[in-house]
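The sequence and structure come before the details.

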Amino acid sequence: MPNFLTLLNLSCGVLSAIFMISSNAQITTTTVTIVMVLMLISLVADFLDGMVARLMNIGSPIGKELDSLADCISFGVVPGLMLFSMFNHFSTDFIYENENLKIAAISLFAFLVPAFSALRLAKFNLDEDQATYFKGLATPSNTLFIFSLFSIYYNNGQIINPSVDPYLLIVVSIVFSILLIVDLPLFALKFKGLSWAENYYKYIFLIITLGLVAWLQVAAIPLIILLYIIISIIFRKEITK
C-alpha cells in the first residue's frame, strides 16, 4: 500500500511534466488546473505513504529510496518546468526555437530547482536527525511556492509587474534552491501531543495560515511559505530541542 501511494505520486508527477512540456508554447488556464489537480494528488500521496508505512510497520529501504525518486520528479522536475515556462514567456531572446519548443537563455536558471531538489533528497536519505524537523526547505513546500507564482502569472498575466517579474524569478530560482540544502531547522507539522505549550508556534502558524487562505486563496501560498520560514527562524531553539 505505501509503495502504491508513492507510485501514484510518481505517476502524477510524470503526467504533470508531460502537460507542461506539451504546453510549453501555450500554457492555458486548463493546463494550470490540470497541473494543480495532479500536484495536489502527489502532495496527498506523498503525505500518506510514510504515514501508512509507519502505521502498518512495513517501512523498508526500497520504499525510502522510491519515495525520493518520486519526489525528485513531482517536486523537483515539475516546479523546474513551471519556472522554465514562465521564463520563456518573459523572454524574446531564445537560444533555441522551433514550432514546438522555445528555450530562452534566462530560462536556464529554472534548472537549478531540479538539481538542488535531487541534492536535497539525497542528503535527506542519509540524515537521521530529521525525524521531528527538517534541515532546509522540504521539496513539497518549495513546489507549492513555485506553483503559486505559476498560477498567479497564468491567471493574471503577471506576478507583480512584467518589468520586475523576470528578475523576481531569477531571485526565486537561486534563493529557493539554496533553501533546499541549507542547514536551517524548519519545523515539521508533526504533533506528539495537542497541548499549546508543546506546539504553540505550530498553532500560531496554522491560525495565520487559515486566515491568509480565506483572504487570498492561492495567492496566499507565497506568504504562507515565507511565514513558515520566519517562524522557524524565530523559534529555532524550540524546534531543535
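## Overall build

Of the 241 residues in the protein chain, 45% count as buried. The model is predicted. The chain contains nine helices and four strands, and their order along the sequence is α-α-α-β-β-α-β-α-α-β-α-α-α. The radius of gyration of the protein chain is 18 Å, close to the 18 Å given by the globule rule for 241 residues, so the chain is as compact as a globular protein of that length. The C-alpha trace spans about 55 × 35 × 30 Å along its principal axes. Among contacts between residues at least 6 apart in sequence, 71% join residues at least 24 apart.

## Helices α3 and α6

Two packed helices are described by the angle between their axes and the distance between the axes. For helix α3 (residues 61-90) and helix α6 (residues 165-181), the axes come within 10 Å and cross at roughly 155°. An angle over 145 degrees counts as roughly antiparallel, and therefore α3 is roughly antiparallel to α6. The crossing of α3 past α6 is left-handed.

The table lists the residues through which the two helices meet.

| Helix | Residue range | Residues in the contact |
|---|---|---|
| α3 | residues 61-90 | Leu83, Met86, Phe87 and Phe90 |
| α6 | residues 165-181 | Asp165, Pro166, Leu169, Ile170 and Ser173 |

Sorted by class, the contact of α3 with α6 has seven nonpolar residues, one polar residue and one charged residue.

Note on methods
Residues numbered from 1 in each chain as written. Predicted model: local features only at pLDDT ≥ 70, side-chain atom pairs only at ≥ 80, totals over all residues. Heavy atoms only, no water. Axes fitted to C-alpha atoms, helices over the stretch in contact; angles between N-to-C directions. Parallel < 35°, antiparallel > 145°, perpendicular 65-115°, else oblique. Left-handed = near helix turned anticlockwise from the far one by under 90°. Contact = heavy atoms within 4.5 Å. Nonpolar A, V, L, I, M, F, W, Y, C, P; charged D, E, K, R; others polar. Rg over C-alpha atoms; globule rule 2.2 N^0.38 Å. Buried < 20%, exposed > 50% of the residue type's maximum accessible area, 1.4 Å probe, protein only.
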